[in-house]
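Student: I've got a structure to go through for class. Can we just talk it over?

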Amino acid sequence: MSHGFETLAIHAGQDPEARTGAVIPPIYQTSTYAQDAVGAPRHGYEYSRSGNPTRDALQDCLAALEGGPVGLAFASGLAAEDTLLRTVCKPGDHVVIPDDAYGGTYRLFARVAERWGLDYTPAKVSDTDAVRAAMRATTKIVWVETPTNPLLGIADIATLAAVAHDAGALLAVDNTFASPYLQQPIAHGADVVVHSTTKYIGGHSDVVGGALIAADAGLGDELRYHQNAMGAINGPFDAWLTLRGIKTLGVRMDRHCDNAERIAAYLDGHAKVAEVIYPGLPSHAGHEVAAKQMRRFGGMISFRASGGEEHAVEICNRAKLFVLAESLGGVESLIEHPGRMTHASAAGSPLEVPGDLVRLSVGIETVDDLLADLEQALG
């Protein structure tokens, strides 16, 4: 029997606990497990790096929400990314990455993986021909974000899946900005979905984590082996907090989207805003593709200040209800200057972001209060 998203978010992997009937999965805060005999671990649990019931509940839920057979939870989104790269790639291989990617992802490729011998080429993921031109015989992964961070570019998942598969490569989609409520890349042909569960999935700015969901069980088994071998696993309390956040993901995302649509429309008509970048606006270059593969358009908005970089910084500093902070996807609204904050590591690279850019993570507060704060911050 199939269930709707909200039902899966509350119940998948989360049956009442067998001994007591507790309706919420317990926090199994243990490092090791008593075994029934030598070589006979009870229910397969022997050591919590290898397996933990709380983490398993989260992993099963993530797999159900993204429509894949295997979900894996990690200590952070970057830990998940690193595990994927070292599972699929070897020194001498090549990856196509977005020319507008999260600064931490760029740093992983440029400062860590490249030293290991993994080459990469940035390409505009909203341009299929640009991605195809960046492919090499050694390309193992086409890596996309959609929407991208922070310029909110939209990649056509189904089209890029075909490009990757024609070249014998995998398509990995970072679905952090959309969340599985708004977009399910596996349904459009992606091989692996990547999440920073710190963001919308956790949703309350109180836990750090990451996830991989594989479309193929065999790849999922390889990723699980490396998850254990490399060890950057999600702890049981972190897994429990993330599961708690997942239960309200659908209702939270609807409010994020409601508020973001109002704010994007307000900014789009403001004299001190040179450009609003939001996939929900018909003027956005990726609007039609986003409408095809997303339920709604998300809670992230970027805009360019008409007064240049210093004006953008002033807007960030003047905001009050919008908290000046990195990260995104929590119930509270955040504002930041990507060039000097989240994407500082990309300065001087092909991924450098415009200095006049401001990024908003629109929360679930009363939208009129958010609009009033932006009005005073814009000056």
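Student: How many bridges join β3 to strand β9, and do they run parallel or antiparallel?
Tutor: Five bridges join β3 to β9, residues 210–214, and the two strands run antiparallel. This is a predicted model, by the way.

Student: Which residue does Gly71 stand opposite in β9?
Tutor: Gly71 stands opposite Ile213.

Student: What order do the strands of the sheet come in?
Tutor: Seven strands form an open sheet in the order β3-β9-β8-β7-β6-β4-β5, with mixed pairing. The edge strands are β3, residues 70–74, and β5, and each of them pairs on one side only. From one strand to the next, the twist averages 20 degrees.

Student: What does pairing come down to, in general?
Tutor: Strands of a sheet pair through backbone hydrogen bonds, either parallel or antiparallel.

Student: OK, β6 then. How do β6 and β7 pair?
Tutor: They pair in the parallel sense, over five bridges. In that pairing, Ile141 stands opposite Leu170 in β7.

Student: And how many bridges join β4 to β6?
Tutor: Three bridges, and these strands run parallel. Val95 stands opposite Ile141 in β6 there.

Student: Why is β6 described as largely enclosed?
Tutor: Because six of the seven residues of β6 are buried, the strand is largely enclosed by the rest of the structure.

Student: Which strands does helix α8 touch?
Tutor: Helix α8, residues 217–230, packs on the sheet and touches β3, β7, β8 and β9. The direction of α8 makes about 20 degrees with that of β3.

Student: Moving on to α4. How many residues does it have, and how far does it reach?
Tutor: α4 covers residues 103–116, which is 14 residues, and reaches 19 Å from its first C-alpha to its last. That is close to the 20 Å expected at 1.5 Å a residue.

Student: Where is the kink in α4 centred?
Tutor: On Phe109, with a kink of about 30 degrees. Phe109 is also one of the buried residues of α4, along with others including Tyr106, Leu108 and Ala113.

Student: What do those buried residues of α4 pack against?
Tutor: They pack against helix α3 and the strands β4, β5 and β6.

Student: And what follows α4?
Tutor: Gly117 follows, and its phi is positive, near 110 degrees.

Student: Is Cys61 buried or exposed?
Tutor: Buried, because its relative accessible area is 0%. Cys89 also counts as buried, at 5% relative accessibility. The cut-off for buried is under 20% relative accessible area.

Student: Last one, Pro25. Where is it found?
Tutor: Pro25 is found in the loop between α1 and β1. With a relative accessible area of 11%, Pro25 is buried.

Student: Leaving aside neighbours within four places in sequence, which residues is Pro25 in contact with?
Tutor: Pro25 is in contact with Gln14, Ala57, Trp240 and Leu243. Take Gln14: it lies eleven residues from Pro25 along the chain, and their C-alpha atoms are separated by 6.1 Å.

Notes. Residues are numbered from 1 along each chain as its sequence is written. This is a predicted model: local features need pLDDT of at least 70, side-chain atom pairs count only at pLDDT 80 or more; totals for chains, interfaces and linings use all residues. Side-chain values use heavy atoms; hydrogens and water are left out. Helices (H or I, at least four residues) and strands (E, at least two) are DSSP runs, numbered from the N terminus. The expected span of a helix is 1.5 Å times one less than its number of residues. The bend at a residue is the angle between axes fitted to the seven residues ending there and the seven starting there. Buried means under 20% relative accessible area, exposed over 50%, partly exposed in between (1.4 Å probe, protein chains only). Contact means heavy atoms within 4.5 Å. Two strands pair if DSSP finds at least two bridges between them. Axes are lines fitted to C-alpha atoms, for helices over the stretch in contact, and angles run from 0 to 180 degrees between N-to-C directions.
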